[in-house]
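Colleague: I am new to reading protein models. Could you take me through this one, step by step?

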Amino acid sequence: MSKRRLLSFLSHKAVRPLITPPSKLLTIKHVINAPTYNPPRKYVSGVSTKFSEVCDETLHEIADFLEDLPDYVPDISDEFDVEFNGEVLTLTLSKTCIFVINRQTPNQQIWLSSPISGPKRYDFVDGDWKYSHDNSSLIELLESELAGLLNFELEMNSVRHALLKFA
């Protein structure tokens with residue numbers, strides 16, 4: 001299509017370039033001075049501090065318990081691995097069997113991703129991490145699922161005992 005025909009086509013179709021008048025353009029000054037959105041805080045700082053303490057204690061105690069498992073469980077897989085970076089705890093039993101436990105500070109929850117029961121979100125209620133849909137305990141679920149996978153009875157009493165001071 002020739003340039004002349006193209007211009008003719010565009011003018012008949014009322015397609016015109018969009019030109020913003022200079023008065024409507026944002027300048028750097030407008031962007032720098034633009035109001036910022038500060039969402040309301042959902043939790044007061046005292047509750048947030050308690051959540052951090054409970055969450056830290058829980059994740060550290062679970063990590064310590066899991067790291068000691070190879071000393072007590074016979075015939076544990078060579079792929080068994082526990083990684084904890086302060087925020088996320090990953091337990092690998094095999095390439096296809098991985099548990100992930102992590103804190104969700106904005107929601108004040110601990111989230112569990114289990115290869116058996118799937119994802120769950122736990123709230124700290126009355127000294128225990130409870131799943132609101134069925135009121136199940138994080139510790140009891142971990143004991144049950146790990147016992148089944150490892151063919152070894154487990155009791156995470158050290159974790160329960162550590163949480164008593166927050167009840």
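Modeller: Here are some questions and answers on this predicted model.

Colleague: How many helices and strands does the chain have, and in what order do the elements run?

Modeller: The chain has 5 helices and 6 strands. Read from the N terminus, the order is α-α-α-β-β-β-β-β-β-α-α.

Colleague: What share of the 167 residues is buried?

Modeller: A residue counts as buried under 20% relative accessible area. In this chain of 167 residues, the buried share is 32%.

Colleague: Glu67 is part of a surface patch of negative charge. Is Glu67 exposed or partly exposed?

Modeller: The patch gathers Asp64, Glu67, Asp68 and Asp71. Glu67 sits in helix H3, residues 45-72. Exposed means over 50% relative accessible area, and buried means under 20%. Glu67 has 42% relative accessibility, so it counts as partly exposed.

Colleague: Which residue forms a salt bridge with Lys165?

Modeller: The structure holds 6 salt bridges. In one of them, the closest N and O atoms are 3.8 Å apart, and the partner of Lys165 is Glu57.

Colleague: How many residues apart in sequence are the parts that this pair ties together?

Modeller: Lys165 is exposed at 59% relative accessibility. Glu57 is partly exposed at 22%. Lys165 lies in the segment after H5 and Glu57 in helix H3, so the bridge ties together parts whose separation in sequence is 108 residues.

Colleague: Arg103 and Glu87 also meet in a salt bridge. Which of the two is buried?

Modeller: Their N to O distance is 3.5 Å. Arg103 lies in strand E3 and Glu87 in the loop between E1 and E2, so the bridge links parts 16 residues apart in sequence. Glu87 has a relative accessible area of 42%, so it is partly exposed. At 10%, the buried one is Arg103.

Colleague: Asp75 is not a glycine, yet it has a positive phi. What is the value, and where does Asp75 lie?

Modeller: Asp75 is exposed, at 81% relative accessibility. Asp75 lies in the loop between H3 and strand E1 (81-84). Its phi is about 55°.

Colleague: Asp126 has a positive phi as well. Which loop holds Asp126?

Modeller: Asp126 is not a glycine, and its phi is about 50°. With a relative accessible area of 76%, Asp126 is exposed. Asp126 lies in the loop between strand E5 (118-125) and E6.

Notes:
Residues are numbered from 1 along each chain as its sequence is written. This is a predicted model: local features need pLDDT of at least 70, side-chain atom pairs count only at pLDDT 80 or more; totals for chains, interfaces and linings use all residues. Side-chain values use heavy atoms; hydrogens and water are left out. Patches are made of residues with over 30% relative accessible area and no salt bridge: like charges are joined within 9 Å, nonpolar side chains (Val, Leu, Ile, Met, Phe, Trp, Tyr) within 5 Å. Accessible areas come from the Shrake-Rupley method with a 1.4 Å probe; for residues, only the protein chains shown count as cover. A salt bridge is a side-chain nitrogen of Lys or Arg within 4 Å of a carboxyl oxygen of Asp or Glu. Lys and Arg count as positive and Asp and Glu as negative; His and the chain ends are not counted. The place of a charge is taken as NZ of Lys, CZ of Arg, CG of Asp or CD of Glu. Helices (H or I, at least four residues) and strands (E, at least two) are DSSP runs, numbered from the N terminus. Buried means under 20% relative accessible area, exposed over 50%, partly exposed in between (1.4 Å probe, protein chains only).
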